[in-house]
Amino acid sequence: MFTSLKRIIRAGWTGFYRNPGLTVATVFIMATVIFFITTLFLFNLVSGILISNIQEKVDMSVYFKEDILSEDILAVKSELKGIPEVKDVEYVSKEQALEKFIEQHKNEPVLMESLTEVGKNPFLASLNIRAWQASQYEQVTNFLADSSFNNLIEKVDYYQRKPIIDKVFLITSGVNKAGIFSGIVLGMIAILIAFNTIRIAIYNSSEEISTMRLVGASNWFIRGPFLIQGIIAGFFATLFTLLITFALCYGFDSKISVIAPQISTFALFISNFWILVLIQLTAGIGLGVISSLIAVRKYLKV
Amino acid sequence: MLSLHKISKIYPSHADGSPIVALDNVSFEINKKEFVSIVGKSGAGKTTLFKLILAEEEPTKGEIFFEDQDIQEIKKSQLSILRRRIGTVFQDYKLLPSKTTYENLAYVMEVMGATDDEISRDVPQVLELVGLRDRAYNFPEELSGGERQRATIARALIHRPEVILADEPTGNLDPYHSLNVIQLLIKIYELGTTVILATHDKELINRLGKRVITLDNGKVIRDEERGRFIL
């Protein structure tokens, strides 16, 4: 048993290095497929970060009437924090709202002048609410409308923002769906290409396989070396892809940060290193083994 | 040891639809430790007969028994056990192209489950026996026709099978090597192996003085102890 295993592994390895042309081609095709799967995975991560970034920027504000005390507003705040859809609530007092306005518009004399003309702080105290997802703002709004403190509220700006929030919601779910769909389709194409390459490689050995059968080799003794070759090819393809992924993540790090400062591809690579290795190894070795098994089966019929 | 019962093999012809009858109602029995020659013109059905014995192909009609076992009843996955008991010299050599001569012989021993020591002891000996010691580390495509033929003979006998099927083992050899090979087959036979030799070498058969089965157009036309080559 052990001797057989040793012989199968040795035969697989000799088969791998004795046929350099075919081996390089197979490894290259497999590497392309693995790289492709890796790219899909990284793209998913990056789009996830971008989507959550956009969602972060979406919020709604609840403005309270002029004479409401800050204690009452804080009580509403703590109540809002209790509902599961709400991620974060921030209290902005009248004074803070004014400061913020001045800070933002200090270079616009027209606005500043009109502010002095009003003579008093025209801003209302507000609660700035962030939900986990864009789709949840509707529920928060409904909660506010039905609540006991509805009469404290001057206005909720959700209705002005609704079109934007809806759009963000639509885009993010669209991106997700398109990502999954194209991932599945392109992944299938890639797997089929790799499978065919391996099949052609084994087709070369079809006569050899039937001769092995005729001299009395058992099916596993014939199949084994091809499986080992598939595993070795998958392993090398993984190594190769990992290097390329590393180089690309490192090289494009600064360039991508220019477009999307919140994303560091290199940091992504490092923090997901083991998951990447696992995905690539599974893809590589899985492809190698399954394609070899299916391809050899055809010639074992003698 | 081996008995054929009313074997017929008919190949469908793709060209004009009329089927080709390779073997027609062939019956004979071969005993243990017998040396049998099967003679006939090319196309008489010798190679087909060997293919049926190895269960590489199935007969259209009839049964083949190896000892008491109907070989068509053997499951595909169990055929390897039958084939390990038979050593075959293929007319078209069928050496494994990706392995050296040494590895081709070692492969059969590995299949049999021989130990590494047995392999490193037996393979050089058998290579020496067929005069291929210098070619041990060459690949089949680097060998001449005669060398390939001797390599396939070496492979057929290295694991000491119970039966040797030799399909035209001297077809590509000069008289000197032919004689060698036949002497080798006789020696193996004398040591207790059943040898079935297919050939169209008239002189060789006449000199052997052993049992001869003559095939013509897929039929057995003669089966004689101490036969001669008559067509």
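Predicted model: local features only at pLDDT ≥ 70, side-chain atom pairs only at ≥ 80, totals over all residues.
Select chain A and zoom out. Its C-alpha atoms fill a box of roughly 100 × 40 × 30 Å along the principal axes. The radius of gyration is 31 Å, whereas a compact globule of 302 residues would sit near 19 Å. Color by burial if you like: buried residues account for 28% of the 302. As for contacts in chain A between residues at least 6 apart in sequence, 85% of them link residues at least 24 apart.

Now hop over to chain B and show its strands. Four of them make an open, antiparallel sheet, ordered 2-1-4-5. Pick strand 2 (20-30) and strand 5 (69-70) of chain B: these are the edges, each pairing on one side only. Next, select residues 61-66 of chain B, which is strand 4, and follow its antiparallel pairing with strand 5 of chain B over two bridges. Along the way, click Phe65(B) and you'll find it opposite Asp70(B) in strand 5.

Last stop, the interface. Here 14 residues of chain B are in contact with 13 residues of chain A. On the chain B side, select helix 2 (79-83) and helix 3 (101-112), the elements giving two or more residues each. Helix 3 of chain B has the largest share, with three residues. Color that side of chain B by residue type and you get five nonpolar, four polar and five charged.

Methods: Residues numbered from 1 in each chain as written. Chains lettered and ligands numbered in written order. Pairing = 2+ DSSP bridges. Helix = DSSP H or I, 4+ residues; strand = E, 2+ residues; numbered from the N terminus. Contact = placed C-beta atoms within 7 Å. Nonpolar A, V, L, I, M, F, W, Y, C, P; charged D, E, K, R; others polar. Rg over C-alpha atoms; globule rule 2.2 N^0.38 Å. Buried ≥ 20, exposed ≤ 12 C-beta atoms within 10 Å, placed from the backbone.
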